[in-house]
Amino acid sequence: MSPDHITDDFDWVAAQAKCSTQSMFEQLRSRVRADVQHRNGVIDRDDQWRFEFHDEGDEFEVTRLVSPGLGAQASGRTPRVIASVRFMRNGRRIHVQGEDVDVEFVAIVTLDVSGQCRFAVGEAVYADWEIRRMALEQLFFEESDDGE
């Protein structure tokens with residue numbers, strides 16, 4: 001719905017009541033979990049990365065793991081975490097912070113000009129998929145500094 005089509009009697013109070021940080025955080029959690037499964041299923045990548053989703057209540061995290069090299073030396077060695085992105089809910093704010101990836105921002109849940117529940121980062125308003133891309137794109141697709 002564009003701003004031109006919203007009526008003057010739009011019930012913003014009811015819309016805002018449904019637009020809670022808790023519900024948007026739960027939606028984000030569910031969709032990030034699906035993004036991790038989808039990225040792990042991408043077969044035309046030769047980066048040898050695997051991703052894990054860790055759920056911790058008001059926080060969740062996505063980690064990038066790399067397996068040790070092939071051969072006798074790698075036998076019995078477990079994959080190691082080389083980068084991660086953590087999502088933390090604190091009141092009205094959702095903090096997104098990376099470790100070994102350049103990701104850090106705070107999103108606040110709000111109504112946009114069309115009455116849709118969205119995420120605001122600074123002055124910009126984003127849809128759910130855009131927040132997930134901002135948080136996970138480097139983790140999923142960009143090389144780490146240590147070259148692994």
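Helix 3 (residues 128-141) lies across strand 1, strand 2, strand 3, strand 4, strand 5, strand 6 and strand 7, and runs at about 160° to strand 3. Axes here are lines fitted to C-alpha atoms, for helices over the stretch in contact, and angles run from 0 to 180 degrees between N-to-C directions. Helices (H or I, at least four residues) and strands (E, at least two) are DSSP runs, numbered from the N terminus. The model is predicted: local features need pLDDT of at least 70, side-chain atom pairs count only at pLDDT 80 or more, and totals for chains, interfaces and linings use all residues. Residues are numbered from 1 along each chain as its sequence is written, and side-chain values use heavy atoms, with hydrogens and water left out.

The seven strands form an open, antiparallel sheet in the order 1-2-3-4-5-6-7, where two strands pair if DSSP finds at least two bridges between them. At the edges stand strand 1 (49-55) and strand 7 (124-126), each of which pairs on one side only. On average, neighbouring strands of this sheet are turned by 25° against each other, direction ignored. Helix 2 (residues 21-40) also packs on the sheet, touching strand 1, strand 2 (59-66), strand 3, strand 4 (93-99), strand 5 and strand 6; contact means heavy atoms within 4.5 Å. The direction of helix 2 makes about 155° with that of strand 1.

Arg-89 is placed in strand 3 (residues 80-90). Not counting residues up to four places away in sequence, Arg-89 touches Thr-21, Gln-22, Phe-25 and Asp-58.
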